[in-house]
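Subject: Structure handover

Hello,

Here is the structure you asked to look through. My notes on what turned up in it follow below.

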Amino acid sequence: MCRRVCYALPLPMLLLLLCAAHQARGRDLPQYLKACSEKDSNLNECALKNGRAAIPYLVKGDPSIRLLPMDPQQITEMVVDDKGLKFIMRDIVVLGQANVQLQDVRVLLKERRLEIDLFFPMLDMSFKYNVSGKVLVLPLDGSGTGTMKLENLTVSYIINYEPFNKGGTDYMKATVVDSRVEVGHLTINLQNLFNGDKFLGENTNKVLNENWKALVEEVGPAMYESDRAIAQNLVDTLFDGVPYRKVVLE
């Protein structure tokens, strides 16, 4: 089983990892990122308010935290190889992340856990693809260009964090333990299926769209695991070499 993706994490993930932590000495947060104290009795509300205020700035990108512009977003490759289906998307362009809404933030200090809920009204994807195998008992074979539209998309992350000691200094170790996605509606169109057979291609796309919920259930788990791996890669990059107490003050 293979689930691989070369992808940049949706921007609010980075935002909230920063906003949920208190201001750290030795590295200032960008001016538009307002930190919250872990002693704040309304910590969740503070993180939610500050996170929402910062999103318009972050969506433009910020070189100081190595954050590229997020809309449009370019993805090199996404691969689903699971349950008899191999679906490869390349040169992916995603539109719509600028409209992301931060729905909720839950900071569980005793458990050292952060929970985040994001909502995307619509994401439009265009890509090149190669596909072979079966999905929904339908045979799929072909290569060409494709589009996918995701509507009313909710993405939830659970991140555990803890200090680890190296050379007498505690550093931050954050682990994305879960990533879950709920899709309100999906529309997909794959051009040039079955070597350009118009009849088979049009009817296959029709069946896929008529059964989009079943398609999400069948292919979704592999995509969600890819999303979790995406988040983990960014978290590792973000906290590498950062002392724990510069992220979470006592």
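The protein chain has 4 helices and 7 strands; helices (H or I, at least four residues) and strands (E, at least two) are DSSP runs, numbered from the N terminus. Read from the N terminus, the order of elements is β-α-α-β-β-β-β-β-β-α-α.

Two points on how to read the values. This is a predicted model, in which local features need pLDDT of at least 70, side-chain atom pairs count only at pLDDT 80 or more, and totals for chains, interfaces and linings use all residues. Residues are numbered from 1 along each chain as its sequence is written, and side-chain values use heavy atoms, with hydrogens and water left out.

The chain as a whole

Of the 250 residues in the protein chain, 44% are buried. Buried means under 20% relative accessible area, exposed means over 50%, and partly exposed lies in between (1.4 Å probe, protein chains only). The accessible surface of the chain comes to about 13000 Å², and carbon and sulfur atoms hold 50% of that; the areas come from the Shrake-Rupley method with a 1.4 Å probe, and for residues only the protein chains shown count as cover. Among contacts (heavy atoms within 4.5 Å) with a separation of 6 or more, 68% are between residues 24 or more positions apart.

Aromatic rings

Rings of Phe, Tyr and Trp (its six-membered ring) pair if their centres lie within 6.5 Å; planes under 30 degrees apart count as stacked, over 60 as edge-to-face and the rest as tilted. By this rule there are 2 aromatic pairs. Phe87 and Phe127 have ring centres 6.3 Å apart and planes at 80°, so this pair is edge-to-face. It links distant parts of the chain, with Phe87 in strand E3 (residues 85–95) and Phe127 in strand E5, 40 residues apart. Both Phe87 and Phe127 are buried. The rings of Phe87 and Tyr129 also have centres 6.3 Å apart, but their planes are at 55°, so that pair is tilted. Here Phe87 in E3 and Tyr129 in E5 are 42 residues apart. Tyr129 has a relative accessible area of 1% and is therefore buried.

Two buried polar residues

Asp117 also sits in strand E5 (residues 113–135). Its relative accessibility is 13%, so Asp117 counts as buried. The side chain of Asp117 makes polar contacts with the side chains of Arg106 (2.9 Å) and Ser156 (2.8 Å). A polar contact is a pair of N or O atoms within 3.5 Å; within protein, one must be able to donate a hydrogen and the other to accept it, and residues adjacent in sequence count only if both atoms are side-chain atoms. Leaving out residues up to four places away in sequence, Asp117 touches Gln101, Leu102, Gln103, Asp104, Arg106, Val155 and Ser156.

Gln73 lies in strand E2 (residues 73–82). At 3% relative accessibility, Gln73 counts as buried, and its side chain makes a polar contact of 2.7 Å with the side chain of Gln97.

Helix H3

The residues of H3 that are buried include Gly201, Thr204, Asn205 and Leu208. They cover an arc of only 100° around the axis, which puts them on the same side of H3; the arc is that of the directions from the helix axis to the C-beta atoms. The face turned away from the buried side of H3 carries the exposed residues Lys198, Phe199 and Glu210. At the N-terminal end, Asp197 caps H3, with a side-chain oxygen 3.2 Å from the backbone nitrogen of Phe199.

Regards
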